[in-house]
Amino acid sequence: MLEKKRKFCIDSVIEEFEELTEDAGKVQRETLKKILQENGKAEYLQELGLGDRTDVESFRARVPLVTHEDLEPYIQRIADGDHSPLLTGKPITSISLSSGTTQGKPKFVPFNEELVQSTMQIYTTSFAFRNRAYPIGNGKALQFIYGSKQFKTKGGLTATTATTNVYRSKQFKHTMKDIQSQCCSPDEVIFGPDFHQSLYCHLLCGLIYSNEVQFVFSTFAHSIVHAFRTFEHVWEDLCTDIREGVLSSRITVPSIRAAVSRLLRPNPQLADEIYNKCMSLSSWYGVIPELWPNAKYVYGIMTGSMEPYLKKLRHYAGDLPLMSADYGASEGWIAANVEPELPPEKATFAVLPNIGYFEFIPLREKPGDQGLDNVGSNYRYKELEPVGLAEVKLGEEYEMVVTSFAGLYRYRLGDVVRIAGFHNSTPKLQFVCRRSLILSINMDKNTEKDLQIAVEEASKLVAAEKLEVVDFSSHVDMSSDPGHYVIFWELSGEAREDVLNSCSDCLDRAFVDPGYTGQRKVQAIGPLELRIVQKGTFQKILDHYLSLGGALSQFKTPRCVGISNSKVLQILCSNVVGSYFSSAYD
Ligand code: AMP
């Protein structure tokens with residue numbers, strides 16, 4: 001029955017997607033019209049004098065490009081309880097907290113039913129394509145998903161992370177149950193108040209249902225790596241729980257205890273099996289297929305700031321394929337991965353032209369130009385007028401601009417994407433980086449991607465010593481004169497001093513942007529400093545975000561920490577155990 005239902009859904013979803021992308025430009029115009037018809041009476045659009053106009057030309061002429069900051073006064077009024085139509089025709093009834101790992105604190109974003117709908121459309125679209133390539137059977141999914149705390153804003157609106165809003169929705173449960181696979185863990189685990197306990201129980205429930213698990217999932221790949229790093233420490237306790245049928249005393253939250261205890265029976269045979277399998281593994285290589293023999297793939301967002309975790313994820317996944325999940329943000333979904341066969345490094349995302357109106361600001365590097373652009377934190381690119389989805393060009397890079405059904409109009413998301421191809425007429429995007437994340441002192445301009453490449457290069461030196469970079473971040477230190485780059489590394493073990501000195505030289509040389517190398521040569525930028533932090537430091541950063549109301553599901557390690565993010569900077573600096581200055585340009 002389920003098989004039949006699934007097949008029917010999949011075929012119709014693919015058919016619908018093919019139709020939608022046939023003339024994506026036309027669908028975009030219709031989508032904008034619909035958004036403006038629904039929300040034209042909103043104060044924001046009225047103030048801009050849009051009147052009843054719903055065409056692309058009037059919209060672009062009257063509505064300015066904005067950032068979150070520009071909309072903040074409106075969003076704040078909504079959060080404070082102003083029920084008049086401010087950004088949308090129908091009042092907004094809940095608020096999402098974006099991960100805010102860039103700015104250091106979560107941002108408020110309007111959330112409504114339409115966002116749930118588009119999330120489901122994205123999920124079912126990519127699932128349809130994935131299942132065509134890698135069919136799963138009936139069963140369960142080991143999902144490392146976590147709801148975050150909910151709270152009420154001053155005006156009484158529920159505020160929580162977008163993923164929590166989605167996980168709590170009926171549609172999500174329905175889609176998961178009927179079409180994909182149900183989570184092994186009960187809701188009490190997903191929405192538990194203590195994520196350490198939830199994580200332990202996700203692992204335990206996954207083991208209880210080990211033969212039924214069809215795939216392993218988390219929203220962002222970081223959570224899967226984090227889960228298995230934890231597994232390395234708690235696997236024996238998990239075996240004991242299964243052997244004795246009694247939940248570990250570390251689980252203290254009554255609702256979690258009750259829900260998970262209901263699933264536990266003494267099962268010495270399963271416990272022995274797991275124990276023996278774990279013992280047979282060499283440094284946990286292939287632990288996922290070993291313990292979940294019917295899993296077909298590992299699934300989650302693996303692109304952008306998740307790329308540094310791929311190596312470790314591949315290690316745990318052994319020969320199981322890794323599939324990168326879709327592209328979107330708390331502000332709204334954008335595109336689905338319809339080419340699941342591609343490795344995460346090559347993943348593309350096909351834009352769904354009916355879930356929002358999308359514009360693209362062309363970004364061109366200014367060859368040899370050291371001058372600064374006039375916009376915000378953007379030093380690297382020359383900007384041009386935004387173009388529509390039907391006008392983007394293959395191979396070019398753009399900043400994403402989103403107009404949504406939830407009250408954001410021409411909103412700069414801050415992400416840079418590259419056009420990797422087209423599915424029918426809709427572009428397939430490759431995620432390049434977040435634009436604001438940039439190391440810059442004067443003439444130098446380095447993005448998150450540049451930092452990632454440098455760390456990858458230098459980490460080869462520690463890999464030769466059988467060590468790994470567990471996580472990393474960076475900071476521009478202007479307290480010295482001249483200022484210099486600081487790279488923070490947490491390592492899996494202790495490295496020799498000479499190796500770390502070579503690493504800092506290597507990092508310094510790996511930033512090849514001419515602005516940086518030129519300034520380094522004349523010592524207008526000081527020697528790069530590699531600071532090694534104690535084991536567990538990045539866990540403290542994660543705990544800090546969770547304490548602010550963030551969710552593990554949406555966590556992205558801050559890759560560049562400014563002084564405005566003082567708490568994280570303080571966590572990093574107070575855990576430094578060694579500091580190594582580069583002599584690359586001496
Ligand atoms: P949040 O602020 O928690 O809503 O996270 C949204 C941000 O996560 C986006 O603006 C992107 O920078 C990043 N993101 C979302 N999906 C992907 C993806 N598939 N690949 C890379 N980065 C992504």
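Guide: A polar contact is a pair of N or O atoms within 3.5 Å. Please keep in mind that this is a predicted model.

Visitor: Which residue has a polar side-chain atom 2.7 Å from an oxygen atom of the ligand?

Guide: Among the 18 residues around the ligand, those that come nearest are Thr303, Gly328, Ser330, Asp415 and Lys556. A polar side-chain atom of Thr303 lies 2.6 Å from a nitrogen atom of the ligand. The residue whose polar side-chain atom lies 2.7 Å from an oxygen atom of the ligand is Asp415.

Visitor: Is helix 16 roughly parallel or roughly antiparallel to helix 17?

Guide: Helix 16, residues 448-463, packs against helix 17, residues 497-510, at an angle of about 160°, and their axes are 8 Å apart. Because angles over 145 degrees count as roughly antiparallel, helix 16 is, relative to helix 17, roughly antiparallel.

Visitor: Is the crossing of helix 11 and helix 13 left-handed or right-handed?

Guide: Helix 11 (residues 221-244) and helix 13 (residues 268-280) pack at an angle of about 160°, with axes 7 Å apart, which means that helix 11 is roughly antiparallel to helix 13. As for handedness, the crossing of helix 11 and helix 13 is left-handed.

Key
Residues are numbered from 1 along each chain as its sequence is written. This is a predicted model: local features need pLDDT of at least 70, side-chain atom pairs count only at pLDDT 80 or more; totals for chains, interfaces and linings use all residues. Side-chain values use heavy atoms; hydrogens and water are left out. Axes are lines fitted to C-alpha atoms, for helices over the stretch in contact, and angles run from 0 to 180 degrees between N-to-C directions. Helices (H or I, at least four residues) and strands (E, at least two) are DSSP runs, numbered from the N terminus. Angles under 35 degrees count as roughly parallel, over 145 as roughly antiparallel, 65 to 115 as roughly perpendicular and the rest as oblique. A residue is near a molecule or strand if one of its heavy atoms lies within 4 Å of it. A polar contact is a pair of N or O atoms within 3.5 Å; within protein, one must be able to donate a hydrogen and the other to accept it, and residues adjacent in sequence count only if both atoms are side-chain atoms. A crossing is left-handed if the near helix is turned anticlockwise from the far one by less than a right angle, and right-handed if clockwise.
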